[in-house]
Amino acid sequence: HKEYRRQRQMCIRDRYKGDVVIGRPHGVGTLVYPDENKYVGEWMNGLFHGQGIYTIASNGYSYIGEYRICFLWNGTMKEKDGTIDYKVVNWKKIKQ
């Protein structure tokens, strides 16, 4: 799921609702991409940073936890049914 490793560039078709500072998401907000994938959480200077949830719309797979400058830092990757696929601890993937 490389999609989680780096945040995609925001484009005009993306829908963002939340805090903005100097034209960029900063604070708390929700971003929905054209494919309906969604990020809900904290932002810093337009990047995923802090606590958040990223969900892939097509299969319900999600990452729940901490981001640091767009990278998964401490959290859990889950299947749609809630089954834990793996954990991320200090940016390292730990298979369950």
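**Strands and salt bridges in a predicted model**

Eight strands make up an open sheet, in the order S1-S2-S3-S4-S5-S6-S7-S8, and their pairing is antiparallel. Strand S1, residues 15–21, and strand S8, residues 92–95, stand at the edges, and because each of them has a single partner strand, one side of each is left without a neighbour in the sheet. On average, and with direction ignored, neighbouring strands of this sheet are turned by 15° against each other.

Let me now turn to the charged side chains, where the structure holds three salt bridges. Arg15 pairs with Glu36, with 3.3 Å between the closest N and O atoms. Since Arg15 lies in strand S1, whereas Glu36 lies in the loop between strand S2 (24–32) and strand S3 (38–44), this pair ties together parts that are 21 residues apart in sequence. Arg15 is partly exposed, at 44% relative accessibility, and Glu36 is also partly exposed, with a relative accessible area of 41%.

Ile56 lies in the loop between strand S4 (47–55) and S5, and with a relative accessible area of 7%, under the 20% limit, Ile56 counts as buried.

The next salt bridge takes us back to the residue I opened with, as Glu66 pairs with Arg68, the closest N and O atoms being 3.0 Å apart. Glu66 is buried, with a relative accessible area of 17%, whereas Arg68 is partly exposed, at 38%.

Which side chain meets Asp85 in a salt bridge? The partner is Lys95, at 2.7 Å from N to O. The pair links distant parts of the chain, with Asp85 in strand S7, residues 84–89, and Lys95 in strand S8, 10 residues apart. Asp85 counts as buried, at 16% relative accessibility, while Lys95 is exposed, with a relative accessible area of 55%.

Conventions
Residues are numbered from 1 along each chain as its sequence is written. This is a predicted model: local features need pLDDT of at least 70, side-chain atom pairs count only at pLDDT 80 or more; totals for chains, interfaces and linings use all residues. Side-chain values use heavy atoms; hydrogens and water are left out. Two strands pair if DSSP finds at least two bridges between them. Helices (H or I, at least four residues) and strands (E, at least two) are DSSP runs, numbered from the N terminus. Axes are lines fitted to C-alpha atoms, for helices over the stretch in contact, and angles run from 0 to 180 degrees between N-to-C directions. Buried means under 20% relative accessible area, exposed over 50%, partly exposed in between (1.4 Å probe, protein chains only). A salt bridge is a side-chain nitrogen of Lys or Arg within 4 Å of a carboxyl oxygen of Asp or Glu.
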